[in-house]
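Please have the sequence and the model open.

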Amino acid sequence: MSLANKHQTPVLGDFLAQEQAALLALKQNVTRAFVTGAGGFLGKAICERLLAAGIEVTGFARGEYPALSAMGVKMLQGDIADERTLLDAIQGCDLVFHVASKAGVWGSKQSYFSPNVDGARHIINVCKKCNIEYLVYTSTPSVTFAGVDEVGNDESAPYAEKYLNFYGESKAIAEQMMLSANGDKLTNGKLLGTTALRPHLIWGPRDPHLVPRVLERAEAGKLKLVGSEDKLVDTIYVGNAAYAHILAALTLSQNDKANQAACAGKAYYLSNDEPITMAAMLNKILACKNLPPVTKRVPSNLAYVVGCVLESLYGLLGKQDEPIMTRFVARQLSTSHYFDIGAAKRDLGYQALVSIDQGMVQLKTSLQQSRLG
């Protein structure tokens with residue numbers, strides 16, 4: 001899959017045939033889309049695809065993103081915790097991708113609940129006030145993660161009874177709000193259709209999160225595996241995650257009653273459908289920059305204890321920066337978490353278009369270009 005220049009409007013031919021077909025079909029039902037978190041990794045990938053199909057895009061983000069404006073996105077700056085600003089920004093749209101959220105593993109409850117919970121509530125409210133029938137929410141598998149192995153879980157898995165951080169807890173509350181809003185009445189008498197997607201470990205070219213963190217720690221000699229046993233995990237290439245969001249919007253929009261579409265009111269795990277050990281995934285990323293494989297290990301129980309101590313210490317000192325280890329990270333890196341994505345295949349027609357190895361070729365090319373540029 002070729003990547004469009006960030007200063008040019010993407011063209012449909014830049015994407016694979018399946019994506020092109022889905023985008024053209026979505027274009028038949030949608031004129032203008034609203035994307036929160038448009039400046040983020042996944043948000044930008046969604047915007048690129050919508051633009052390529054000729055769908056007008058209004059992007060909403062806290063920061064300024066001149067590259068998105070140059071591509072043709074109508075960028076508006078604001079806070080999703082401010083409903084009045086959202087209401088003004090969303091006027092004239094007929095589809096919403098609510099991608100924005102505060103991610104991460106460290107921070108106060110308020111710092112997560114304000115954007116993630118209040119923001120979700122505001123998005124639902126403005127959709128109802130502005131008669132927007134189609135709402136696709138970006139959730140996370142963290143809503144069900146309780147610190148133990150997740151081996152081939154499907155969507156029947158319950159929400160965690162206790163969370164290891166405020167991110168998972170806030171996203172779980174927001175997801176349930178989104179799904180409960182399916183079927184809510186709009187001001188024109190029609191009904192809102194909602195769905196939630198749970199992509200796991202998104203990566204790829206231009207990744208500002210996972211890839212640079214892995215590379216930086218490896219180059220500093222601080223990258224280590226947690227636990228003595230290699231566990232399988234799911235990941236998803238960013239293009240596949242964006243494609244799934246387009247399919248979800250298409251599924252909602254193709255039903256005369258969006259709230260009764262196959263995916264309406266439901267959540268879906270998403271992945272590349274290629275479970276891989278964390279060691280193998282990290283080493284593939286390292287190989288993209290010709291770095292040696294990671295071999296150092298730390299016992300999982302020790303990592304968890306260190307996480308507990310650091311969280312307590314940072315809390316007492318009021319430190320805002322993220323500890324090098326937390327309870328959540330220790331458990332995430334030492335447990336299996338891969339999923340049965342049969343529901344997404346059935347209801348959305350989803351399949352991974354780019355394999356892990358194909359995606360790594362794209363990632364390596366991107367890293368080489370960034371060094372040259």
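How many residues does H10 have, and how far does H10 reach from its first C-alpha to its last? H10 has 18 residues and reaches 26 Å, close to the 26 Å expected at 1.5 Å a residue (the expected span is 1.5 Å times one less than the number of residues). The model is predicted: local features need pLDDT of at least 70, side-chain atom pairs count only at pLDDT 80 or more, and totals for chains, interfaces and linings use all residues. Residues are numbered from 1 along each chain as its sequence is written, and side-chain values use heavy atoms, with hydrogens and water left out.

**Helix H10**
- Helices (H or I, at least four residues) and strands (E, at least two) are DSSP runs, numbered from the N terminus.
- Ala303, Gly307, Leu310, Glu311 and Tyr314 are the buried residues of H10; buried means under 20% relative accessible area, exposed over 50%, partly exposed in between (1.4 Å probe, protein chains only).
- These buried residues line one face of H10, because they fall within an arc of 105 degrees seen down its axis (the arc is that of the directions from the helix axis to the C-beta atoms).
- The face turned away from the buried side carries exposed Asn301 and Leu316.
- Leu313, also in H10 (residues 300–317), counts as partly exposed at 40% relative accessibility.

**Positive phi**
- Gly318 follows H10 and has a positive phi near 70 degrees.
- Arg206, not a glycine, has a positive phi of about 70 degrees and lies in the loop between strand S8 (202–203) and helix H7 (210–219).
- Asn290 has a positive phi near 60 degrees and counts as exposed at 60% relative accessibility.
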